[in-house]
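Biologist: Please pick a single part of this model and take a close look at it. What surrounds it?

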Amino acid sequence: TERMVKNMPVSTATVRLKWKTDLEKSVVILNFERRGWLRIADRDRTEKDGNNANENSEWNFYWASVGTVKQIFNPEFGYRLNDMQIINHYPNHFELTRKDLMVKNIKRYFKDLMREQSPGSLPADFVPVTYLLPADYTLFVEEFRRNPNAMWIMKPTSRSQGKGIFIINKLAQIKKWSTQSRWAQMPLKEAYVISRYVENPLLIGGKKFDLRIYVLVTNYRPLKAYQYVHGFARFCNAKYNTDMGDMDNPFIHLTNVAIQKHNDDYNSKHGGKWHVQNLRLYIEQTYGLEASNRLFAGMDQLIVHSLKAVQNVMINDRHCFECYGYDILIDGDLKPWLVEVNASPSLSTTTEADRIMKLSLLRDIYNIVAAGIPPAVPDTCKSLLGYAATAASSNAPAAASAFNSSYGPTLYPTSSVAGNSYGSLNAFGGGGSGSGPALGLNYADSSSLGGFYVLYDELAEQVERDQAMRGGDEDDDLRGSLNKRKGNLGSSKVSGKAEWK
């Protein structure tokens with residue numbers, strides 16, 4: 001990378017771009033280093049100002065924690081980002097990623113749709129019946145008494161990795177809490193959501209699983225979202241049952257890797273993960289192509305509608321992007337349910353396949369949100385946000401092109417990794433030889449977007465509608481003018497209509 005920077009054919013003095021991160025994760029650091037960007041040294045990261053430590057604002061690209069983003073956008077103590085800065089969270093990302101706010105926004109979204117559309121055109125519900133405790137305790141009791149034999153799952157609104165989750169099937173398990181004074185005085189951040197437990201999940205080899213799907217949003221107004229093809233299923237280690245004696249067994253009910261890796265039967269080679277394409281093949285073989293297509297189209301629509309549910313409340317800061325980790329559960333009727341959306345999906349790696357996948361995920365994110373941005377830019381550059389739009393007419397991206405061509409093979413091996421081949425389902429505790437793909441992940445992409453594809457592009461959809469209504473070439477001008485006006489990184493590089501796959 002040093003040689004690429006030195007040999008970069010530019011006619012003006014250049015400035016090395018600087019990066020920063022709160023996460024000491026190898027997949028984050030390695031991606032930055034391979035781009036030739038410069039890490040801000042420890043001594044430069046903060047400046048003392050009286051009794052306050054103010055973040056140094058000399059970085060250009062920040063892979064930050066949600067806590068840091070909260071501080072940066074704090075109206076009293078934060079600071080304004082300049083056009084040479086890009087950060088990986090929206091100011092109020094929690095509107096989608098905090099469990100209680102996600103449910104509230106989706107409920108409101110469906111109410112709005114009911115007023116605007118006929119009942120037959122409404123999307124199917126994709127969030128289980130959910131209440132906020134203690135606020136909705138009375139409403140929950142009424143619902144519980146209508147279905148006294150149902151199971152419910154309780155989750156803290158602001159915790160992750162399966163922490164604090166438990167399952168109930170008796171009102172007394174909640175009633176004893178409601179009588180304690182701490183409920184009335186409980187801060188909102190310590191509140192719980194309680195949701196109807198999906199008791200008939202789709203099982204493979206008798207084991208429960210859910211899906212982790214990565215979704216990149218580069219703009220909310222107009223909405224533009226990409227989906228990563230390398231999602232995966234996360235399996236429990238113990239066979240599923242709903243016996244009362246096993247309600248507290250997390251190895252049966254919770255798919256989180258942070259929990260399952262502590263089970264004695266955890267397989268460190270494949271990590272209990274299965275590539276989503278292998279899952280799709282299994283469903284096609286078992287239920288048919290039509291059922292498989294319907295399921296995956298439903299998951300795509302679930303993701304788009306959840307993003308639309310927060311579109312109008314999200315602060316659409318043009319310096320920001322977001323990579324969400326969607327957790328989706330499939331029931332026995334092949335209906336997808338949204339479990340939660342993670343603002344900071346885990347970047348820890350548990351297997352070799354996991355490391356390759358997350359390295360490629362970060363690489364492809366950078367290639368979209370920092371499209372055309374080389375290791376160094378002309379010292380006259382005043383905006384990274386507009387750099388991608390002009391990069392095609394400049395010699396500056398030469399180093400970035402060289403980086404991409406040399407970097408690809410190390411992240412996209414064409415050979416299989418971590419046992420990703422067609423074999424038995426014995427890893428799941430069932431099936432015979434040749435009955436489906438074995439556990440593992442495989443990554444080989446040739447698209448300019450790497451493993452991403454455009455899931456939804458509101459701008460392109462609007463242009464297509466206008467073209468259908470009016471016709472003519474003026475729509476090309478409309479697209480160009482809107483792209484320029486929104487100032488969104490990568491918008492001039494990639495465009496497309498929504499594709500329901």
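Modeller: Helices (H or I, at least four residues) and strands (E, at least two) are DSSP runs, numbered from the N terminus. On that basis the protein has 17 helices and 22 strands. Residues are numbered from 1 along each chain as its sequence is written, and side-chain values use heavy atoms, without hydrogens or water. The model is predicted: local features need pLDDT of at least 70, side-chain atom pairs count only at pLDDT 80 or more, and totals for chains, interfaces and linings use all residues.

Of the protein's 501 residues, 52% are buried (under 20% relative accessible area, 1.4 Å probe, protein chains only).

I pick H5, residues 99-116. Its axis comes within 8 Å of that of H12 (residues 289-311), and the two cross at roughly 90° (lines fitted to C-alpha atoms over the stretch in contact; angles run from 0 to 180 degrees between N-to-C directions). The pair is therefore roughly perpendicular (65 to 115 degrees). H5 brings Asn-105, Ile-106, Arg-108 and Tyr-109 to the contact (heavy atoms within 4.5 Å). H12 answers with His-305, Ser-306, Lys-308, Ala-309 and Val-310. By class, that contact has 4 nonpolar, 3 polar and 2 charged residues (Ala, Val, Leu, Ile, Met, Phe, Trp, Tyr, Cys and Pro are nonpolar; Asp, Glu, Lys and Arg charged; the others, Gly among them, polar).

H5 also lines the second largest pocket, giving the most to it, 9 residues. A pocket is an open set of points on a 1 Å grid over the protein atoms alone, where a 1.4 Å probe fits, with protein on both sides within 12 Å along at least five of seven lines; lining residues have an atom within 4 Å of a point. This one has a volume of about 410 Å³, the space filled by probe spheres set on the points, which are joined across faces, edges and corners. Of its 20 lining residues, Val-103, Lys-104, Ile-106, Lys-107 and Thr-130 are closest to the centre. Strand S8 (130-133) joins H5 in giving two or more residues to the lining. The lining has 12 nonpolar, 1 polar and 7 charged residues.

Methods. Parallel < 35°, antiparallel > 145°, perpendicular 65-115°, else oblique. Buried < 20%, exposed > 50% of the residue type's maximum accessible area, 1.4 Å probe, protein only.
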